[in-house]
Amino acid sequence: MDEDTDTASDALIRWPVNIGKAAQLSGISPKMLRHYESLGLLAEVPRTDSNYRQYGLADVHTLRFIRRARDMGFGLEAITELVSLWHNRRRSSASVKRITQKHLDDLGQRIEALQAMQRTLGHLLHLCPGDGRPDCPILDDLSHPASTFVARSGTKIYKPATPAARSGNKRVRH
């Protein structure tokens with residue numbers, strides 16, 4: 001759904017809406033919606049005399065913002081800051097850029113670590129004969145705790161831990 005479609009659809013809805021409808025409109029489950037509310041990501045939501053939550057259009061827009069930020073991988077702490085900045089018309093875009101740059105840097109480090117794991121697992125998979133014998137360089141390597149080191153970037157780099165896995169010698173036993 002794009003923003004124009006959201007706006008057109010939103011105009012046809014009778015506001016306020018209950019939690020189920022707010023969840024449906026925002027793409028967030030009712031359970032997560034309650035969780036975000038308990039964290040203070042939403043303004044105080046009015047309730048009916050029967051104590052049912054009543055969400056307005058602004059609440060649904062905030063929930064959509066949260067959903068999009070989650071889809072982009074931001075953590076709750078960053079989302080809390082971003083929601084606050086989004087609602088603050090006197091915000092500095094420098095603050096938003098700082099949060100986003102930190103997230104982008106973190107993603108880069110995680111991608112680097114995942115690629116290192118992928119290379120290591122690919123290498124170990126190549127070394128494993130996958131036959132009926134019990135010898136397995138994958139299990140040998142996993143049994144050794146010294147399989148990581150921290151790079152200058154602070155990212156864990158995953159390497160084969162055993163000499164057999166590093167050299168390709170499948171006959172070394174531990």
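**Close-up 1. S92 caps the N-terminal end of helix 6.** In this predicted model, a side-chain oxygen of S92 lies 3.1 Å from the backbone nitrogen of A94.

Close-up 2. Now turn to the side chains: which residues of helix 6 are buried? They are I99, H103, A113, A116, T120, L124 and L127. As you trace them, keep in mind that an α-helix has 3.6 residues a turn, so residues three or four places apart point the same way.

**Close-up 3. F65 and W86 form a stacked aromatic pair.** The structure has one aromatic pair by the rule used here. The ring centres of F65 and W86 are 4.5 Å apart and the planes meet at 15°; the pair is stacked because planes under 30 degrees apart count that way. F65 belongs to helix 4 (residues 57-71) and W86 to helix 5 (residues 76-87), so the pair ties together parts that are 21 residues apart in sequence. Buried or exposed, or partly exposed? F65 counts as partly exposed at 23% relative accessibility, and W86 counts as partly exposed at 29%.

**Close-up 4. C128 and C136 are in no disulfide.** A search of the whole structure finds zero disulfides. The sulfur of C136 is the nearest cysteine sulfur to C128, 3.7 Å away, whereas a disulfide needs the sulfur atoms within 2.5 Å. C136 has 14% relative accessibility and so counts as buried.

Key. Residues are numbered from 1 along each chain as its sequence is written. This is a predicted model: local features need pLDDT of at least 70, side-chain atom pairs count only at pLDDT 80 or more; totals for chains, interfaces and linings use all residues. Side-chain values use heavy atoms; hydrogens and water are left out. Buried means under 20% relative accessible area, exposed over 50%, partly exposed in between (1.4 Å probe, protein chains only). Helices (H or I, at least four residues) and strands (E, at least two) are DSSP runs, numbered from the N terminus. A polar contact is a pair of N or O atoms within 3.5 Å; within protein, one must be able to donate a hydrogen and the other to accept it, and residues adjacent in sequence count only if both atoms are side-chain atoms. Rings of Phe, Tyr and Trp (its six-membered ring) pair if their centres lie within 6.5 Å; planes under 30 degrees apart count as stacked, over 60 as edge-to-face and the rest as tilted.
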